[in-house]
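Please keep the sequence and the structure in view while reading the numbered points.

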Amino acid sequence: MNFNSLEYMLFLPVTLALYYALPGRVRNPFLLAASYFFYMWWEPAYALLMLFSTAVTYGCALAMGSAREGGAHRRRAWLVLCLAVNLAILFFFKYYNFLASSVNSLLGRSSGGLPALDILLPVGISFYTFQALGYTVDVYRGELEPERSFIDYALFVSFFPQLVAGPIERAGNILPQLKKRHRLEIRNLPGSVLLILIGFCKKMVIADNLAVVVNGAFADPSAYTGAQLAFASLCFTFQIYCDFSAYTDIARGSARLFGVSVMENFRAPFFAESIRDFWRRWHISLSGWFRSYVYIPLGGSRVGKWRRIFNLMVVFLLSGLWHGAAWTFVLWGAVHGLYQAVGVLLDPVRERLYMAVPKNAPAVRAVRILFTFTLVCAAFVVFRAESIADAVYILKSAALAPFTGLFPLAFGAMGLTRRMLVVVALHVVLLLTYDGLRDKEAFLGRVSSTVWQKYALGLFLIFSILIFGSYGKEVPRQVFVYFQF
Amino acid sequence: MKRKTKETVALLLSLAILAGGCWYISRMFMPDRTFYGAGWSMYRQEKRDSVDVMFVGSSFVYCDVIPGKLYADTGRTSYVVSAPVCTMATSYYYIREALRTQSPEQIFLEVSSMFFDEYSQYADVAVGYMPWGVNRLGAIFASAAPESRFGLLFPPYSYHQRWQEMELPAFFKRGDETPDPWAGYMYLKEAKPMELAQAETVELESISFEKNCRYLQKIVELCKERSISLVCFMSPSCRPYGEAELELIREQLGDAGLRDFNEDIEEIGLDLTTDFYDERHLNFSGAMKFSAFLAEEYGESWQSLPRRDFDGELWSARADKILAPDGGDA
């Protein structure tokens, strides 16, 4: 089920009402059933896959718990089994066809090579698999007791607000919350509803409208000028941010209604002053997952310069591959790995530079933010392009735009009317202002506790969505970009 | 003010603003409807209880019947309440809605819609312009395909993007609609030479004939209940329905009978080379002849109907309009 669907508008309040109407002990089984219903709305058969993955990680974690006295070997065996089964499922459904086509093209075989399979990528498989694997590793390390209740554990894996596109939660954060008996706190409702509305506004007003510009330009880059391609690249950067962070906002708002606090996944990423800083603000749950379960076990930053660069490259290549089974995603990961590697190599130069120029001077910060943003934008071109050749063409054309003619920009010919472009730009400014707040949570808390402010903000968001939102009979519904991962 | 009271007031006020806002968006962003039927906003400007006779149906009615001509020939007022591809279910709800402000003595129902599909592809227009109320809701669920219903229940879904193309004054549209100078008729000037085609046969399995029969019966009952004389008819066409199809309708109508004007194409004086807009619709010249024929056939019986208080000036203008049709809104 999509968040931006009528079905979800009905599903959420009905599930919420029933959840609080039921006695405490049946709430989690009910929420589990509701989460599976939510998932099965898309493709019922794949719920079995999630159930299987859940059962395997649950069983392996219990086995690791009971093997604690039996020695490290048995525990490790259970861990390896769990990782192998889950990664095999992920590989088969997500990467097999990619591997087959890559091998076949490498061997120059158009037929007779590895066969392509007609399989549909299960929605959210990367998210729930990583969440379950994180739990297993935590149990293996002894950081977490294995969960005894299958219902609670299955609910942790499948909790519908964050099931399909994250955030990738830690069992240590979610399981204790799921075990609590929650009471419906009316005073908490406005904050949750406002968060959901902010999510819908980002998705429907900004992301989905920008998608019109982006889809056209990236589908056929040769039909556009360099300036238009640069504009489309900028649009995509905002589109993907608004799309993905919108999902997180709706997920967090929805989860809060059930008394569960889900982690923040974005912290004003476009105000990052370096690529390292960007990754502390962008898709925080995935970055955290890779840091805990890949980067640190590889030695993290407490190793030599070149080993650190190797570790970073491994993490970012895996992160690229996690996003999708295509060379563009791998390259996107590699680009970010390279950014970081160059960052590590230039650390001494930067240190010297900041001795001369104060790092926190507003002008210096502005330049750093702008430079980081440009690098991020360029990398996202690789992420979005249909092929590496397209990405190179777009980047080249965009870079040469100042020499090939910035004007006329003819943005109007990119699928959006001038009026819509102005409206979207105004919303982006508002979003950046909101992002620039030091503490968004505190802001929402303040607004929610003031009667007139919360209703005014709510009405503003609703009318923005109703009037400027991309929805309706003749508008193709845009699914969330991260659904494909 | 105590916080609880403040909360309640703010909530109620917000709901009112939300409802008002949605109403405003629906009203402002929906395109005006002045041509090709479904002109409900103009219909509602008609003086209450001033219409003697009503014509109901699909485009075969709004292209073929000119109330101004009927008035000129008989002195009786009539109105065409119709919409493109108006299904029998929509016709039923149209009649119910029309009877809220008018009380005609006679209703002429064009019954080609007995052979229409269950859902109209023009439901957005046919139902979308109906005034809000139970009749609109009934029409939505009876004649709009499930995927179209949400847009009809919540018009911003269909029209909210129009703000991008609207001129500034359109955002401040006031309720200043005027009565339809054609009283529901759609002026079509162009003539296309036609030939009489073979009678059309219908595969009943491919349409929802049973449902259409059910709604026809509902119309018959409604007219009986309101003491309205009902005349079911087939308008003249170059591709009429076959005898077997007409027989099916006659079976449904029983004593009420069916008036098939295709039997009278020569008597009406229709010239296939000059009086048709297309195979099934008359142009202005054809509609004038057909309306004159109707006036001749029914005019005498209409004289016995009680006199109504109608807007004489408006009806004189409508009668004049047929003399200079291009000079008006056409």
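This is a predicted model: local features need pLDDT of at least 70, side-chain atom pairs count only at pLDDT 80 or more; totals for chains, interfaces and linings use all residues.

1. Two strands are said to pair if DSSP finds at least two bridges between them. Helices (H or I, at least four residues) and strands (E, at least two) are DSSP runs, numbered from the N terminus. In β5(B), B:L258 is the bridge partner of B:C232.

2. Residues are numbered from 1 along each chain as its sequence is written, chains are lettered from A and ligands numbered from 1 in the order in which they are written, and side-chain values use heavy atoms, with hydrogens and water left out.

3. Which strands pair with β4(B)? Strand β3 (residues 106–110) of chain B pairs with β4(B) in the parallel sense over five bridges, and the bridge partner of B:F108 in β4(B) is B:V231. Strand β5 (residues 258–260) of chain B also pairs with β4(B) in the parallel sense, over three bridges.

4. Strand β4 (residues 229–234) of chain B is mostly covered, since five of its six residues are buried. Here, buried means under 20% relative accessible area, exposed means over 50%, and partly exposed lies in between (1.4 Å probe, protein chains only). Together with helix α11 (residues 243–253) of chain B and β5(B), β4(B) makes a right-handed β-α-β unit. A crossover is right-handed if, with the strands pointing away from the viewer, the path from the first strand over the helix to the second runs clockwise.

5. The loop between α1 (3–29) and α2 (40–43) of chain B contains B:Y36, a residue that is not a glycine but has a positive phi of about 55 degrees. B:A38 lies in the loop between α1 and α2 of chain B, and its phi is near 60 degrees, again a positive value in a residue other than glycine. Are these residues buried or exposed, or in between? B:Y36 counts as partly exposed because its relative accessibility is 39%, whereas B:A38 is buried, with a relative accessible area of 2%.

6. B:T90 belongs to helix α5 (residues 88–98) of chain B and is buried, at 2% relative accessible area. Leaving aside neighbours within four places in sequence, B:T90 is in contact (heavy atoms within 4.5 Å) with B:A126, B:V127 and B:S143. The side chains of B:T90 and B:S143 make a polar contact at 2.8 Å. A polar contact is a pair of N or O atoms within 3.5 Å; within protein, one must be able to donate a hydrogen and the other to accept it, and residues adjacent in sequence count only if both atoms are side-chain atoms.

7. The contact between the chains takes 23 residues from chain A and 27 residues from chain B. About 2,200 Å² is buried between chain A and chain B, with carbon and sulfur atoms giving 67%. Buried area is the accessible area (1.4 Å probe) that two parts lose on being put together, summed over both.

8. How many salt bridges does the rule find across the interface of chain A and chain B? The rule finds one salt bridge there (a side-chain nitrogen of Lys or Arg within 4 Å of a carboxyl oxygen of Asp or Glu), and the side chains of A:K454 and B:E7 meet in it at 2.6 Å, N to O.
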